[in-house]
Amino acid sequence: MKNKTFRYSIYAMGLLALPLMTGCIEETFPSSSATGEQVAKDPAALENIVNSLTNYTISTGTYGGSTDYTDAGMPGFMMARDRMCEDNPNTSTEWDWYRFISVGTGTDWGTNPYYYFYTFIDKVNDMLKVSNPDELNDNGRHMIGNLYGFRAMSYMELARLYEFQTTGYAELDNKASADGIMGLTVPIVEARDYTVAELVANPRAPFHTMYRFIMTDLDKAEELLNGFQRPKISYINKSVIYGFKARMWLEMASRFDRSPEDLARQLAAEGSDDGYNDLKISNALDCYRNAATYAEKVITDGFTPMSESEWHDPVNGFCQPNNSWVWGSYITSIEEHPRRWYSFATWMNSDASWSWGGSYGLYQSIEANLFAKIPENDWRKRSWISPEDAGSEAAAPKYSTNSSPSNFASLPAYVNLKFHVPHLTDYDPGLVACVPFMRVEEMFLLRAEALYHTDGLGAAQSALETFVNTYRYTDGSYVCNASSYTDFIQKLMIQRRIELWGEGLVFYDYKRLRLGVNRAQPGTNYPETYRLVTASGYVAPWMNCYISDYAVSMKDASFKGNPNFSGVVKAAN
């Protein structure tokens, strides 16, 4: 076997150009004296590798083991993505490690997911290079299916984070156009051996190639995962693949609906000899149909939306899997949990004494104007502290918390009580808290959007009203009053922003739908320096994540990163 340090250094120089610290990787991924070929033919060893990938989803300090507390694996990226939108103000700017992301200057953060997901890809490729599913039993094939699923997920994240979309700011859009990066995603690294020269010359793949590459991996995963009964929710099964496909088809549908030129480029790429599957579409409507179909596959695969009691469970709510979770992290012991200050639980829980809020007064809140849009008969409203209840010990029983009334009274208005932990005073057992990566509720809302395009406004309204009235309102009174696509999307996004608050997903809605960010509405509870407003109908500049200058400098001259967005948008007065 090649020396791992050498192999990772070659990989880093050719693709990532980052100072890779192999210690973090070797702590997460198992080593073996066996060759890669031997491991790839052993289903038990393959399962060990896949289990290490599930653990890597919550690994902390992966970029050099730093004390950057945003370096918290996939939960850290979830929090960062939400900070780029307009629904997650915090109560203090002091100790806020996500501050630079929130104020639109966080170019350095772009290094983190770029490094993290390519590390994921490298570990998957190591096994795929030497694996032949035909030589394996069912369990071995299921593990290979997981590998393809994890690689597809990684490229889905990278492509959507780093592809530059127009911002409405001439200095950024003109530079992106001049540099020739419009429509480009990230480099594709396949499961084969590369020379250093090949990696240095590896270009950013155009979207029409990346889409077919991702869907090819998802198709392979879907086939190989047939019959797989996963041992824990952090593994990928067919339901997760259906969810990934629903997300990707909606992503493509939104793009091709908006841009006939991009659709034409995608159609022209059909039949390419690169080995990737054709999408077999003719128009955006085909993509919407596929999105609805795969969302329906998840919905009918045995999952049910969270009940009111499950949502507001003060011990298990949003920290232990239930029947609505399609995919998530899985932590069962103190030994498995992330380090305290990096942890999603430490950031997002409000009533534990050991959280960022309990320790430093840094609480995560809902934006006041969004909160005002939630009626009293929507039981989700009790996920955040109403202004009239803040400071009141008597109001504590109304909310889902095991905290004392006096501690409840110390929490500011709009602070979230959505994410719970199993222990409020001791962080070791308290950090044994899982994180949802995909819930079936997302699929209900995704299907409603797709139905607008396939079956019309009436069908979309009915789907949205049925979901809200069946699962979220106490009296069935929700009505989606919309007379146009714009009206419907506004109503749908309100429900997505409420339902998926804190789960890191609406970033992708903002980017694919080109929704402007407005954090300076009257009555907002955003700190003054966070009150940024971006151009309506465009992507917020910081949603086009920045590839580090060092990484770009190590590629050949044709490789261009994204324009530096830092400081382009100023806080509103």
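These are my notebook entries on a predicted model.

**Ground rules.** I number residues from 1 along each chain as its sequence is written. For this predicted model I require pLDDT of at least 70 for local features and 80 or more for side-chain atom pairs, I use all residues for totals of chains, interfaces and linings, and I keep to heavy atoms for side-chain values, with hydrogens and water left out.

**Confidence.** I looked up pLDDT, the predictor's confidence in each residue, from 0 to 100. The protein chain has a mean of 93, and 93% of its residues reach 70 or more. Residues 1-26 fall below 50. I still find 63 contacts (heavy atoms within 4.5 Å) for this stretch in the model, beyond near neighbours in sequence.

**Core.** I took a nonpolar core as a set of buried Ala, Val, Leu, Ile, Met, Phe, Trp, Tyr and Cys residues joined through side-chain atoms within 4.5 Å. Buried means under 20% relative accessible area, exposed over 50%, and partly exposed in between, with a 1.4 Å probe and protein chains only. The largest core holds 161 residues. Tyr155, Phe244, Trp327 and Met543 touch the most other members. Helix α8 (residues 138-162) gives the largest share of this core, 13 residues. My helices (H or I, at least four residues) and strands (E, at least two) are DSSP runs, numbered from the N terminus. Another core lies apart, with nine residues, among them Ile385, Ala395, Ala396 and Val415.

I then listed the partners of Tyr155, leaving out residues up to four places away in sequence. They include Tyr118, Ile121, Val186, Met210, Phe213 and Ile214.

I fitted axes as lines to C-alpha atoms, for helices over the stretch in contact; angles run from 0 to 180 degrees between N-to-C directions. Angles under 35 degrees count as roughly parallel, over 145 as roughly antiparallel, 65 to 115 as roughly perpendicular and the rest as oblique. A crossing is left-handed if the near helix is turned anticlockwise from the far one by less than a right angle, and right-handed if clockwise.

Against α11 (residues 207-224), α8 packs at about 155°, with the axes 8 Å apart. So α8 is roughly antiparallel to α11. Their crossing is left-handed. Tyr155 of α8 is one of the contact residues, and Met210, Phe213 and Ile214 are among those of α11.

Against α24, the angle is about 50° and the axes are 10 Å apart. The two helices are therefore oblique. This crossing is left-handed. I see Glu157, Arg160, Leu161 and Tyr162 of α8 meeting Phe507, Tyr508 and Lys511 of α24.

**Helices α21 and α22.** The axes of α21 (residues 440-455) and α22 (residues 457-471) come within 6 Å and cross at roughly 160°. That makes α21 roughly antiparallel to α22. The crossing is right-handed. Phe444, Leu445 and Ala448 are among the α21 residues in contact, and Ala460, Ala463 and Phe467 are among those of α22.

Most residues other than glycine have a negative phi. Which sites did I note with a positive value? Trp95 has phi near 70°, and Phe318 has about 65°. Trp95 sits in the loop between α5 (73-83) and α6 (99-102). Phe318 sits in the loop between α15 (308-311) and β1 (325-328). Buried or exposed? Phe318 is buried, at 1% relative accessibility. Trp95 is partly exposed, at 42%.

Last, I checked Ser536, in the loop between α24 (506-513) and α25 (549-553). Ser536 is exposed, at 67% relative accessible area. Its C-alpha atom is 7.9 Å from that of Arg514, 22 residues apart along the chain.
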